[in-house]
Amino acid sequence: MYFRNYEKYFLKAAKVRRLICRDFEDVFRGGVDLLLTPVTLSDAVPYSKWILTDHREHNAAQDFCIQSANMAGLPAVSIPCSLSKAGLPLSLQLIGKQFQEPQMLSAAKWIEQQMDFPIMDLECQ
C-alpha cells in the first residue's frame, strides 16, 4: 500500500537528482573549482507584496537558482553584492565541490570584501 507511488514518484525523483549530481561532477572534473550564480531571478519582493502572493508559487520561482545545489548536496553560500534600483539587496551564490567548504568560504569572503556591500539600516520605524 505504501509503495504504490514508489516507482512513479520516488524513483523518478531519485533519477533526476542523480542526473543533476552528474552534471555538477562533470563541470568540476573539467577543471572548475567554484561556480558563481545568481541567488534569485529578481530582487527581493517587499513584504507587503509577498504576503499577497501564493507562497508556494513565490518560493518556487525565487528558489529556482538555489535548488540544484541543494539537490546535489553541494555546499553553497550567498553573498550580498549590491542594491537594486528599489534599494533591495541582490546576491550571488558560490557553489563548491563536496567537502571543499574552506575554499568556497575563502572565495566568498574575498568577493564580499571586493563588493563593499553597503551597510543597511534595518531598524524598524
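Analyst: Buried means under 20% relative accessible area, exposed means over 50%, and partly exposed is in between, using a 1.4 Å probe and protein chains only. This is a predicted model, so local features need pLDDT of at least 70 and side-chain atom pairs count only at pLDDT 80 or more, while totals for chains, interfaces and linings use all residues. Residues are numbered from 1 along each chain as its sequence is written, and side-chain values use heavy atoms, with hydrogens and water left out.

User: OK, what does the side chain of Gln93 sit 3.3 Å from?

Analyst: A polar atom of the Gln93 side chain lies 3.3 Å from the backbone oxygen of Cys65. For reference, a polar contact is a pair of N or O atoms within 3.5 Å; within protein, one must be able to donate a hydrogen and the other to accept it, and residues adjacent in sequence count only if both atoms are side-chain atoms.

User: And where is Gln93?

Analyst: Gln93 is in strand E3, residues 89-96. Helices (H or I, at least four residues) and strands (E, at least two) are DSSP runs, numbered from the N terminus. Gln93 counts as buried because its relative accessibility is 4%. Leaving aside neighbours within four places in sequence, its contacts include Leu35, Thr37, Cys65, Ile66 and Val77, with contact meaning heavy atoms within 4.5 Å.

User: Which strand does E3 pair with?

Analyst: E3 pairs with strand E2 (residues 76-83) in the antiparallel sense, over 7 bridges. Two strands pair if DSSP finds at least two bridges between them. One of those bridges joins Ala76 to Ile95 in E3. The two strands form a hairpin with 5 residues between them, and Gly87 in the turn has a positive phi of about 80°.

User: What about Ser84?

Analyst: Ser84 lies in the loop between E2 and E3. Ser84 is buried, given a relative accessible area of 12%. Its side chain makes a polar contact with the side chain of Asp43 at 2.8 Å.

User: Which residue has a positive phi although it is not a glycine?

Analyst: That's Phe99, with a positive phi of about 65°. Phe99 sits in the loop between E3 and helix H5 (101-115). With a relative accessible area of 70%, Phe99 is exposed.

User: Switching to H1: which residues are buried there?

Analyst: Ile20, Cys21, Phe24 and Phe28 are buried in H1. What covers the buried residues of H1 includes strand E1 (34-38), helix H4 (67-72) and E3.

User: How many aromatic pairs did the search find?

Analyst: The search of the whole structure finds 1 aromatic pair. Phe24 and Phe28 form that pair, stacked, at 6.4 Å centre to centre with 20° between the planes. Rings of Phe, Tyr and Trp (its six-membered ring) pair if their centres lie within 6.5 Å; planes under 30 degrees apart count as stacked, over 60 as edge-to-face and the rest as tilted.

User: Why are they about one helical turn apart?

Analyst: Because Phe24 and Phe28 are 4 residues apart in helix H1.
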